[in-house]
Amino acid sequence: MRTFEDLWQIAKKDLLEFRRDRLRLVTFLIMPMFMMIMVGFIFPNQNTLKNVPIGIANQGNGQISQQLVTTITNLKLSPDKPDLAFEIKTYDSIDAIKNAIKSQQISGGIDIPADFDTTIAANKQATVTIVQDQSNPQISQMVDQILSQIVTGFSSEVGAQKINQILTAVPPTNPVSSISVQSIIAPVTSKIEGIIPGNPNYFEFVAPGIMAMIVMTAVLTGLAASISREKEQGTLDGILISPINRLAIVLGKALSQAIRGLVQGAIVLLLAFLLFGVTVHGNIMLVALLLVLGIFSFIGLGILVSAIATEQETATQLLFMFQFPMLFLSGVFFPIALMPNFMQKIAHVIPLTYAINAIRKVMVLGAGFTAVRTEFLILLIFGVVTLAISVPVFKRVITR
Amino acid sequence: MKNVIEVKNLTKKYGSLVAVDKISFEVQKGEVFGLLGENGAGKTTTLEMIEGLRKPTKGEIKVLGHDVVHEVQSIKEKIGVQLQSSAYYDYLKLREILDLFGSFYEKHLEPDDLFKMVDLESKANQYIKNLSGGQKQRFSIIASLINDPEIVFLDEPTTGLDPIGRRNTWNIIAKIKEQGKTIILTTHYMEEAEILCDRVAIMEKGKIMTIGQPHKLIEKTKTPYKIEFVLAKEDPSFIDRLMKSCDAKDCDIKKLPGKTAHFEMNIKSQDLLNKAVEILQKENPESFTIGRATLEDLFIELTGKTIADEENGNA
């Protein structure tokens, strides 16, 4: 009972100090915003991609080429938003488009050759050229994809018209009316159905990861820095000379960090919701619970680092060593399944991986507790084991 | 007298470095006990082992009858430790710091009474950075009293204070002693130890060189008497003459650093003192003082060093 009271006193003290330290408070609030806004805008998705400048060189002179240009010009990525996907600039030739890409005026382009209309009219296959901006793979990939889709769609439309012409021109020896044109030009089509309604975008994939990452790295550094700062300044001695249980010291500090972590998590979630239209499909309390558990799994590591490091600076450096690979290996930005085999193995010993996985499942797929119980258990075990190692080490190191 | 602290064969090693080397001593209830020594002599390490902050390599420490290694929690309830004034939270008000520390103990005093004791009532809701050096020092003393301890540890309570601040602190220490508490302090100022301490222990390289009441220790020095004088001008032949008045093993003259023609003569016996005074009076010095050796003289004799030596790197 005494331990819990002491623990609470320590946590309260840490939070009070934190609230009064303006600089730390401001960084604490700005960091997740900064991170979120940065990632949200750097990685394009359908909410952020709009008015991408592309070039069109329409050398054809017929109706069909003009139709293609109109289709591209009026393309909207989302039917309920007024924004157009592209901002069109007109050029004379494919070389002019290439030059414009080089001078970074446009992010890609499409060239319609002079014989486009005549070739189609002569019932031959016409070709348009899509020009890529290879210096910006993120954007160019999306531009290519969208342009190719438009061309394919446009092409089958033209094909359908042609077949219709053929079918109506030939005397009806067979029951033409029962043959759909689409069954000839595209006999098989696919339709995509997700578990949740709507289009998932890259940001919905990234947002849970970023939230977990920000919160957990903040807790990890925060805890280690908080303990080693008190060690360095000598304030820890003031606590150590009192009859307070040492477990209460570390757990109190961990509690204050966890509270801060949850506040940060809430900020990230709010921003994702307000700025980038991310929705939480599952239970938000389950997300919070997983976040707490994720924090718990990191506390042992934080204590261990601060026990080993004598100075705040050493602690920060040591942690950086852990954090950097963790950013890439835990699947915050890239799915783990895309990594080489040995990296996947490393990814599976990082607790952040499980926390992100579970939070992503709940947030994006609306999973319930049963779907994340494996991750739940792994995080719990990881936390208990690292705590069981780090607390005795901390106790021993702290008595010089 | 009842012993409140008993230290037996206490040793602390860091690898091959012996910080504290088999020391034994007792501290009695209600006394002011001083641990003297240079930086690195092992004073702070010794104190921290008694406080339970460091683990002894060997030896035994009993505080109020409890063993420090095994019953440290019950000891901690009854001791108070002054921390360096930098070791208090920047973003907590003084009262909040005392409330926080108080909450860790079963028994604790009212912060207001403590503020009153050292005239800090007006600063109770201020931050530590708004205090002067002397106020910080006073605060760090009352912080050590929050649990109404039986033994108070003060580590260099007057270092960095001006003469007024130092005298203030002496009065506070006297007040604590009047409450029947035992005080253990470390200091660099020998004159302070002579005034405050009932008993002192002088440490050097992890060992206790001597222990006892300051005035009794001084009597045991090789040269308990001394004359200090300033001549009108430097006069080597006169110094020679003065030196010849006694054997080299019984007295010692040295020029004090700095001021021109300022000397100190340490003398073994009353007879030799009288002889020297006679010779000196004839010379008509600008100023002269006859006195007793001080704790500082004893300290230098025991540790075999002067401040000048230390500065020359002979430490």
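Visitor: What share of the contacts in chain B with a separation of 6 or more is accounted for by residues 24 or more positions apart?

Guide: This is a predicted model. In chain B, 70% of those contacts join residues 24 or more positions apart. The chain has 12 helices and 14 strands, and 36% of its 315 residues count as buried.

Visitor: How many residues does helix α10 of chain B have, and how far does the helix reach?

Guide: Helix α10(B) covers residues 270-282, which is 13 residues. From its first C-alpha to its last it reaches 19 Å, close to the 18 Å expected at 1.5 Å a residue.

Visitor: Which residues of α10(B) are buried?

Guide: Let us begin with the general idea. An α-helix has 3.6 residues a turn, so residues three or four places apart point the same way. In the present case, the buried residues are L273(B), A276(B) and L280(B). Viewed down the axis of α10(B), they fall within an arc of 70 degrees, so they line one face of the helix.

Visitor: Against which elements do these buried residues pack?

Guide: Their partners in chain B are the strands β11 (225-230), β13 (262-267) and β14 (287-292), together with helix α9 (236-244).

Visitor: Which exposed residues does the face turned away from the buried side carry?

Guide: That face of α10(B) carries D271(B), N274(B), E278(B), Q281(B) and K282(B).

Visitor: What is found just after α10(B)?

Guide: There, N284(B) takes a positive phi of about 55 degrees.

Terms used
Residues are numbered from 1 along each chain as its sequence is written. Chains are lettered from A and ligands numbered from 1 in the order in which they are written. This is a predicted model: local features need pLDDT of at least 70, side-chain atom pairs count only at pLDDT 80 or more; totals for chains, interfaces and linings use all residues. Helices (H or I, at least four residues) and strands (E, at least two) are DSSP runs, numbered from the N terminus. A residue is buried if 20 or more other C-beta atoms lie within 10 Å of its own, exposed if 12 or fewer, and partly exposed in between; C-beta atoms are placed from the backbone. Two residues are in contact if their C-beta atoms, placed from the backbone, lie within 7 Å. The expected span of a helix is 1.5 Å times one less than its number of residues. The arc is that of the directions from the helix axis to the C-beta atoms.
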